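Good morning, colleagues. Please look at the sequence and the structure on the screen, and I shall then take you through them part by part.

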Amino acid sequence: MKRINFKRLVAIAGIAALLTFSAGCSNNGASDAQGEAGVQTIIVGTGTEYEPYCYLDDNGNLAGYELEVLKAVDELLPQYEFEYQTAAFKNILVSLGAGQIDLAAHQYETNPEREENYLFGKESYTTFVTYPVVLTSRTDIQTLDDLAGKVVYIPTGDNSQYYVEEYNNAHPDNPIIIENTDSWTPEEVTQGLKNGRWDATFKTQRDIDVWNEEYGNGSDFLRALDEPLQSSSTYYLYQKGNTELQEAVDGALKELKASGRLAEISVEVLGGDYTESE
């Protein structure tokens, strides 16, 4: 079985935090390193604050769906050895564009801006349906139109912002107000909805169920609006031009789908099969 390497990124303030993952990256590019017998080290950038997708377990080790899928992919690609490094969600794609990592893994969905700057894989590995989320007590909010003029929280870099901005472009006279200046924990976001700081946020039904189990009570439960903000799938991202790695990983994902292993991982980690494209 192939050896899996893990490295923790030490967060530092300023511009350097955006452009550098760790000293383990080569100055000449993320994937220059060669391991034993010519095996190429692939630097994977992921996060630590999005359970059950990518997070730290009780022992401080990287865990979650992203890791388990990539471990299965790595087992099918003997020419590569994946090394994992972590950063805040908003910094991962910056580091990919700067050549500090080779592959970005954080439930990324497509949008035109991302497609312009990065190479997307062609094989998805999770479905991702995002809903506007409000308190059950907010009976005044039933549709996306009801959020016009209200304040919503969207984490920096989250794909929901693209769709809300598209809505605002079509409704310039009464846009939805977006706040995403800080990165808040699920508990803090839930509390912000309860105390009225925000009127809504955007999450999958899986996230809503987890948040309600952890932080909900009575009339303060969270609920999804009937119509999703968007329905899509998630993909790995690569540096522009790195088609060799992209095609290899896509091939491994196809094999995992055909064998049923990808669905098994989804059931084991996410509680259901969320691997079929919408």
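Among contacts in the protein chain between residues at least 6 apart in sequence, 74% join residues at least 24 apart, where contact means heavy atoms within 4.5 Å. This is a predicted model, in which local features need pLDDT of at least 70 and side-chain atom pairs count only at pLDDT 80 or more, while totals for chains, interfaces and linings use all residues. Residues are numbered from 1 along each chain as its sequence is written, and side-chain values use heavy atoms, with hydrogens and water left out.

The protein chain has nine helices and 14 strands. These are DSSP runs numbered from the N terminus, helices being H or I with at least four residues and strands being E with at least two. Of the 278 residues of the protein chain, 50% count as buried. Buried means under 20% relative accessible area, exposed means over 50%, and partly exposed lies in between, with a 1.4 Å probe and protein chains only.

Let me begin with strand 14. Is strand 14, residues 230–238, largely enclosed or largely open? Eight of its nine residues are buried, so strand 14 is largely enclosed by the rest of the structure. Strands of a sheet pair through backbone hydrogen bonds, either parallel or antiparallel. Two strands count as paired here if DSSP finds at least two bridges between them. Strand 9 pairs with strand 14 in the antiparallel sense over five bridges, and Val129 stands opposite Ser231 of strand 14. Strand 7, residues 103–108, is joined to strand 14 by three bridges, and the two run antiparallel; here Tyr108 has Tyr235 as its bridge partner. Strand 8, residues 119–120, also runs antiparallel to strand 14, with two bridges between them, and Phe120 faces Leu237.

At 4% relative accessibility, Gln107 counts as buried.

Two bridges join strand 4 to strand 5, and Leu56 has Leu62 in strand 5 as its bridge partner. The loop between strand 3 (49–50) and strand 4 (54–56) holds Pro52. The peptide bond from Glu51 to Pro52 is cis, with omega near 10 degrees.

Now to helix 6. An α-helix has 3.6 residues a turn, so residues three or four places apart point the same way. Helix 6 is followed by Gly196, which has a positive phi near 85 degrees.

Gly216 lies in the loop between helix 7 and strand 13. It counts as partly exposed, because its relative accessibility is 23%. Gly216 and Thr190 are 26 residues apart in sequence and 8.2 Å apart in space, C-alpha to C-alpha. Leaving aside neighbours within four places in sequence, Gly216 is in contact with Lys194, Trp211 and Phe221.

Finally, I come to the second largest pocket. Its volume is about 390 Å³. A pocket is an open set of points, on a 1 Å grid over the protein atoms alone, where a 1.4 Å probe fits, with protein on both sides within 12 Å along at least five of seven lines; lining residues have an atom within 4 Å of a point. The volume is the space filled by probe spheres set on the points, which are joined across faces, edges and corners. The lining has 18 residues, of which Leu93, Asn111, Glu113, Arg114 and Gly157 lie nearest the centre of the pocket. Which helix gives the most to this lining? Helix 3 does, with four residues.
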